[in-house]
Amino acid sequence: MIRIGNASGFYGDRFAAWREMLDGGQLDVLTGDYLAELTMLLLGRDRRKDPSLGYARTFLRQMEDCLGTAVDRGVRIVTNAGGLNPAGLAEALAGLADRLGVPARIGYVTGDAVDRPGALTANAYLGAFGIAECLTAGADVVVTGRVTDASLVVGPAVAHFGWTRDDLDALAGATVAGHLLECGAQVTGGNFSFFTELPDGGHRPGFPIAEVHADGSSVITKHPGTGGAVTVETVTAQLLYEISGPDYLGPDVVTRLDTVTLTAQGPDRVRVGGVRGTPPPPTLKVGINVLDGFRNSMTFVLCGLDVPAKAALVRGQLEAALGRDGLEFTLARTDHVDATDTETASALLHVHLRDPDPKRAGRAFSAAAVELALASYPGCTVTTPPADATPYGVFTSDTVPQDGVPHLAVLPDGSRIPIPPPPKIPVIRDQDPRVAGESTAQLPDHHGLGEGGGSSGGGRRGPLGEVVGARSGDKGGDANLGVWARTEATHAWLRDWLTVDRLRELLPETAGLDVERHELPNLRAVNFVLRGLLCQGVSASTRFDPQAKALGELLRSRIVDLPTGRSEVGR
């Protein structure tokens, strides 16, 4: 096997994780994921100011402490921290290695940049074979630009086992391992619905390790003595994160998520097996960030009586001062009746302005809000000082042919090796409508469960989260919401009960959206894709939860008719 760890799930993750992972136990490879849609936007703004930037500078600081240790112990490092400028980061790393006296051989992968007129960034999601080429050539460190997150794990496995593009099941298995590791501590108990059941209560989960085998199967684990836990449920939660249907499309393989099986193999060890793969699509996804204007926000505190009237007064005053274009008002009724302190007696009126004009969205907006301090509703106050507008971006995606980008591996000796695209084109399968895209509201009731969700003998009212877990996240303007049952009996109930129509009832903000529903029976789960919930994406979204991270917990908090019987609750 090859033992692959992760030390970063995003740009800003735990700084000390690289040192913790290197010192915590045996590893062959240590990966770090730094890229997301919003990160690419931030790196694009950096690069506009200084063309020599465009990479995750935090990684350089982490390597100042860890590069020598990794080379001494033979732990190879693979990271996408190169962002928009992998060559620049590789050069900076080489300079760091020289200064430290560390004989590090550095390779990098490039060719992901795509020309899209007017875009701040446009990058294709490359696969794993460029990484593998660099490792095969002896690189101690491989830096990439925009590759798929899972490729950071798949690439080392390809190099270690000598897989070819025909080894689809093995590639698919490693892709699942990569997807499980890519978000760091999320698979070891971070952001876990049942965090109170973790040995340390979720205080400091360790970072994960995948022991990948020659057939693509893996065991997910972590270093001994680190916090959190690796269980079938923590792995299920991460597997459901930011996916859509059973077909998980990648540049090297389409991974069939409905074939994944998870098996506990002892404390903090979960085996991932049974994964099947089919040929990859003929195109690569291209992520595009465009600067779309400027935004600003102010929050008014509305205390006590007449909250709707107070909100209406502010709205009328600001629209009179600024005009209606681009203004958004959201009233959060956080107030309690007969409260005994100001905070619990107060609602929050969030006011946002988006505009192409930085002056209107900047001081003109914040000044208009502040000027209401002595001329609006009783008790008028704001939680934010006046500020200038900030630019925001819009994330979209399209595709490019697999052979439409110059995927290149730049080896430690400077050789530039073209990575050819995969030779096969997949056959598009018809999907069962119950698995993808269709509401199951009209399915027959196989379990004696009425419309209210209770058994024929009467249900028990309680939070949905008593019997299910959830994990949610963002993909551009869309959100995904994965829900899993804790027992087989609860899964039988959940499968028929949680339809698209019922989801819309429980989450009213989804009522007008295109909602896809996908079943993953091996995981006792259903996954929903909520098209357009986040409007134009996280940077442009004015939603209170702009990345839909808390959407699953909102769903779990809803009071419903739960299935009856002790076997339905808990594991």
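The following legends describe close-up views of side-chain contacts in a predicted model. Local features require pLDDT of at least 70 and side-chain atom pairs pLDDT 80 or more, whereas totals for chains, interfaces and linings use all residues. Residues are numbered from 1 along each chain as its sequence is written, and side-chain values use heavy atoms, with hydrogens and water left out.

**View 1. Edge-to-face pair of Tyr-34 and Phe-59.** The structure holds eight aromatic pairs (rings of Phe, Tyr and Trp, the last by its six-membered ring, with centres within 6.5 Å; planes under 30 degrees apart are stacked, over 60 edge-to-face, the rest tilted). The ring centres of Tyr-34 and Phe-59 lie 5.9 Å apart with planes at 75°, so this pair is edge-to-face. Tyr-34 occupies the loop between strand E2 (29-32) and helix H2 (37-49) and Phe-59 lies in helix H3 (residues 57-73), so the pair ties together parts 25 residues apart in sequence. Helices (H or I, at least four residues) and strands (E, at least two) are DSSP runs numbered from the N terminus. Both Tyr-34 and Phe-59 are buried (under 20% relative accessible area; exposed is over 50%, partly exposed in between; 1.4 Å probe, protein chains only). Ring pairs link Tyr-11, Trp-18, Tyr-34 and Phe-59 into a cluster.

**View 2. Surroundings of the Phe-194 ring.** Phe-194 and Trp-484 form an edge-to-face pair, with ring centres 6.2 Å apart and planes at 80°. The pair links distant parts of the chain, 290 residues apart: Phe-194 is in the loop between helix H7 (168-181) and strand E7 (208-212), and Trp-484 is in strand E23 (residues 478-485). Phe-194 is buried at 6% relative accessible area, as is Trp-484 at 1%. The charged end of Arg-556 sits over the ring of Phe-194, 4.8 Å from its centre (CZ of Arg or NZ of Lys within 6 Å of the ring centre and within 35 degrees of the ring normal).

**View 3. Salt bridge between Lys-222 and Asp-268.** The side chains meet at 3.8 Å, N to O (a salt bridge places a side-chain nitrogen of Lys or Arg within 4 Å of a carboxyl oxygen of Asp or Glu). Lys-222 belongs to strand E8 (residues 218-222) and Asp-268 to the loop between strand E11 (261-264) and strand E12 (270-273), so the bridge ties together parts 46 residues apart in sequence. Lys-222 is buried at 6% relative accessibility, whereas Asp-268 is partly exposed at 25%.

**View 4. Salt bridge between Arg-504 and Asp-501 in helix H12.** The closest N and O atoms are 4.0 Å apart. Arg-504 is partly exposed at 24% relative accessible area, and Asp-501 is partly exposed at 34%.
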